[in-house]
Amino acid sequence: MDWIKGLNEKIENIGKKREFLIVFLFSVLMVFGVLLGMGTLTSGYHLVDDHEFLEWIYQMRCQGINVWTIIIRELREDFTWRYEPAYYATRVLSTWLFGIDLMGYSLIKATEIAVSCIFLYYCGKRMGASKIYAFLFATLSLVGYQSAVWWKLGPQESQCTVFFAMGFYCMLRYLENEKKSWAVGSIALFFVMCNFKESFILLVPFFMLYVLYYDLQKAEGELSFKQIWKCFRKRFWYLFTLGMIFLILVFVIVVFVGVNDYDMVGLDASIPIKVYMEALENSFSNDLKWYKRFGILFVLILLTYWEELKKLWKEILLIIVFLLPQFVIFGQVGIGERYILPSSIGFALFFAIVIPKWKPLSGKRRFVYVAGLLLLLAAHGRVALREADYFRYRGQSVQTMLETVEELSGDGANVLSCFRPNEEGNLTINYWMLDHGYDNVYFWTQEDRHWCYTPTLDLSEFTEMKCGTLTIYVRNGSGLNPAAIDIEGLRINF
């Protein structure tokens, strides 16, 4: 164990400039290494969310609709069932900037994650973690099933995470030196974060509680109402501003938008508690399974320090305030994939920041605990690689299908789009063809299928063409002779 201690001392003695360079390189290599190695950056369209790019480009280029008109329209439509104005504003602008090519969007996503990793690392350092645990905190927050936000172009969790990381870092700097510039910067970043997605609004109470927690930790003597009031008065303007942001945004959502208009999130008192319990059980059996398995191990280790553990009630309260609202708003459908953010950050904050610097944890139990953290990261690293590989495979399948259908349509053939209950897939083909000058796509609409009817077609007169995860059918006797399609299969099967 002495060599581990010696290695840790050498790492801790690294200079600040060299430290930043190492963290920067590790973050960039980790993110871009996965995306380039797995091929997600060039995998193309995926029939989910990205149909909007094609639709807006068609409206701008072919229908002459101004980009600002599209932004205003999308914001108005979004306001009837969601609250994410910053998301649609930036999404439409990026479409105007990059056009139909997805490479630009993918590079921005990757950059957002790399920047998030860097800032989360420095947040860990500001919270008192060593360099190793600070980077472990950053990677545990971002690596896993939630890594889908590294390559998926629709979700806004990547934007929210980068604003969270930068805002939290500014807040920690403000708490240390009390400079208003850091405070104003953190408030501005938190406000932008809240306007990208509703679930991140629920982190504001955590920020407020952390401010009080930080000052109370520095105060001497037993915790008392007098101390709490003193801390509150000291940070009054900052806490007041955060509180007003939270209350105003919640008021707007509750009164004008609604809390159960979107079927993926929200609260509905008419839904039986059994539905929420089944969703929770399903979450911990699937995308949260590694959190459950290693979380049980971590908790069992901590319970062996029961008397000392009770003194961590303030830290436990912090994490409850961080995590509980996320499980509540996603209670109907559970938490999985991209929705694991920001919960993964809260999990990592407690188990990779708070506990490793907790003095009672020592000896063999500490060794097992740290080994558990590393194994959790390894398990989630495997998950990230596997999911990235499938995303590449599916994207190449879809992109090849689109290009093949476009090529076949050059002879005047009509296109029938049939993706079972997948309206977004139909829209992708429709606007892909429109953007390439072909107005010959026919498809079942959502109203016709009611999201449950699978269209049944007589395919005896068609030739089947396997296209990776998809299948193309060409009518016999149509005069079309499609070339063979060769798509690389999955690279990772472990």
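**Burial, helix packing and backbone geometry in a predicted model**

Gln-326 is buried, with a relative accessible area of 0% (buried means under 20% relative accessible area, exposed over 50%, and partly exposed in between, with a 1.4 Å probe and protein chains only). The model is predicted, so local features need pLDDT of at least 70 and side-chain atom pairs count only at pLDDT 80 or more, whereas totals for chains, interfaces and linings use all residues. Residues are numbered from 1 along each chain as its sequence is written, and side-chain values use heavy atoms, with hydrogens and water left out.

Gln-326 belongs to helix H17, which spans residues 313–329 (helices, H or I of at least four residues, and strands, E of at least two, are DSSP runs numbered from the N terminus). Apart from neighbours within four places in sequence, Gln-326 is in contact with Ser-199, Leu-202, Leu-203, Ile-335, Pro-342 and Ser-343 (contact means heavy atoms within 4.5 Å). The peptide bond from Leu-341 to Pro-342 is cis, with omega near 10°. The loop between H17 and H18 also holds Glu-337, which has a positive phi of about 45° although it is not a glycine. Glu-337 is partly exposed, at 25% relative accessibility. A positive phi, near 60°, is also found at Glu-178, in the loop between helix H9 (157–177) and helix H10 (180–194). Glu-178 is partly exposed at 42% relative accessibility. Most residues other than glycine have a negative phi, and most peptide bonds are trans.

For the protein as a whole, the secondary structure comes to 21 helices and 4 strands. The C-alpha atoms fill a box of roughly 85 × 55 × 50 Å along the principal axes. Of the 494 residues, 50% count as buried. Of the contacts with a separation of 6 or more, 75% are between residues 24 or more positions apart.

Two helix pairs were examined. Helix H2 (residues 16–38) packs against helix H6 (residues 103–126) at an angle of about 140°, with the axes 9 Å apart (axes are lines fitted to C-alpha atoms, for helices over the stretch in contact, and angles run from 0 to 180 degrees between N-to-C directions). Residues of this contact include Phe-20, Phe-24 and Phe-32 of H2 and Tyr-121 and Tyr-122 of H6. Helix H6 also contains Ile-108, which is partly exposed at 36% relative accessibility. Helix H3 (residues 51–61) and helix H5 (residues 85–98) pack at an angle of about 65°, with their axes 9 Å apart. Among the residues that meet are Phe-53 and Trp-56 in H3 and Tyr-87 and Trp-96 in H5.

The structure holds 0 disulfides (a disulfide is a pair of cysteine sulfur atoms within 2.5 Å). For Cys-194, the closest cysteine sulfur is that of Cys-160, at 8.4 Å, too far for a bond. Cys-194 is buried at 0% relative accessibility, whereas Cys-418 is partly exposed at 32%.
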